[in-house]
Amino acid sequence: MNHSARDDGRFGEGTRAVRAGLPEPVKHEPTLPGPVFAAHFHLPGEVTGPYAYGRDDNPTWTLLERAIGELEAPGDDVETLVFSSGMAAISAVLFSQLQSGDAVVLPSDGYQALALVREQLEAYGIEVRTAPTGSDAQLDVLDGAKLLWIESPSNPGLDVCDIRRLAEAARARGALVAVDNTLATPLGQRPLDLGADFAVASGTKQLTGHGDVLLGYVVGRDGEAMAAVRRWRKTVGAISGPMEAWLAHRSLATLQLRVDRQNVTALAVAEALRERPEVTGLRYPGLSDDPSHKIASQQMRRYGSVVSFTLPTRARAERFLEALRLVEDATSFGGVRSTAERRRRWGGDAVSEGFIRLSVGAEDAEDLIADVLRALDESAG
Ligand code: PLP
């Protein structure tokens, strides 16, 4: 290839994922340059150019950031920053945008570490209001807030809110909007298109998909707001290692393949679980009778790889997890190897003892469904 294949927003999603962030081809150079391991860079004389010190910037991040920006906002002028983890990215937005005396709206049913963030925000004199994801109750607590934090679909309850509607309401009140896009991935949903100021995610999950990398990112359009996020990253030093950034970039090439396959299988698994009498509270936004399906189908292009449901008791859930052969009892989600866990074991989420979060991997659907149904049978006794 000797001509530019730069994405101007017209590529299909698979093409975009495969090519995202690649530099112009250079003879005898690799397609995706290897990780740049550098704490400092040659810097004679004045401080100019991007690469001076490894906590500020790194060429491996630059390519990954370009790639994620292309996926979250194809053809748009956005800034992307990668972080050492999803929590680093979340904290960077919240702590760089909020000051003592400000108010923020957080989900009451979001990722459990938000409770730790809440404590810290309150310790800094920031008022924290909460509302459940699925109810539009955010509207009742939005007046005077500086920032609305949305997690849709929520983890682990898989509720969905109308992002466009909430973003419009927030904008009308002068509030910023950040959306945690971890569960959906940019192929499932594009928060910036729906009116958000920031798309934030843990890249540890489906984005990288192999369960071997911790990563986070923030994408935004507003230069001033993103400059504050960048300053926060530099101040706290919550940076990704070059190896992790490179692994993440390499994994993006298969993002569409993984997401499509895992999402199709997740729906099939959910449909199989729907037939089981011992399963209650089944949630998957892609199920046509899921309470979130209507809104989800308006704003999502794919529904994710996580299914949640409840078994009658803690003991039954533990026996079920123990009986699974193809699904590892492990936390996290979105990886190519299926995982499941009894979420209550962490103590943080307001879910019942038998609540299971099942992350559907890239195994063959028939094998996975057979394993889940067998484990349900075996755990009955
Ligand atoms: N956001 C959501 C929705 C999550 O589920 C998680 C982790 O499970 C995070 C953020 C935090 O990501 P990380 O573990 O990469 O810090």
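In the predicted model, the ligand is surrounded by 14 residues, the closest being Met87, Asn155, Asp180, Ser202 and Thr204, where a residue is taken as near a molecule or strand if one of its heavy atoms lies within 4 Å of it.

Residues are numbered from 1 along each chain as its sequence is written, and side-chain values use heavy atoms, with hydrogens and water left out. As the model is predicted, local features need pLDDT of at least 70 and side-chain atom pairs count only at pLDDT 80 or more, whereas totals for chains, interfaces and linings use all residues.

The protein is divided into domain 1 (13–252) and domain 2 (255–379), with bounds that come from an automatic or database domain assignment. The contact between them, defined by heavy atoms within 4.5 Å, takes 37 residues from domain 1 and 34 residues from domain 2. The C-alpha centres of domain 1 and domain 2 lie 26 Å apart. The size of an interface is often given as the accessible area lost when the parts come together. Between domain 1 and domain 2 the buried area (accessible area, 1.4 Å probe, that two parts lose on being put together, summed over both) is about 2,800 Å², of which carbon and sulfur atoms give 52%.

Three salt bridges are counted between domain 1 and domain 2, a salt bridge being a side-chain nitrogen of Lys or Arg within 4 Å of a carboxyl oxygen of Asp or Glu. The side chains of Glu13 and Arg302 meet in a salt bridge, at 2.7 Å from N to O. There are also 21 residue pairs in polar contact between domain 1 and domain 2, both residues being at pLDDT 80 or more; a polar contact is a pair of N or O atoms within 3.5 Å, and within protein one must be able to donate a hydrogen and the other to accept it, while residues adjacent in sequence count only if both atoms are side-chain atoms.

On the side of domain 1 that touches domain 2, α1 (13–19), α5 (163–172) and α7 (242–252) each supply at least two residues, and α1 gives the most, with three residues. Helices (H or I, at least four residues) and strands (E, at least two) are DSSP runs, numbered from the N terminus.

His28, although not a glycine, has a positive phi of about 70 degrees, and His28 is placed in the loop between α1 and α2 (59–72).
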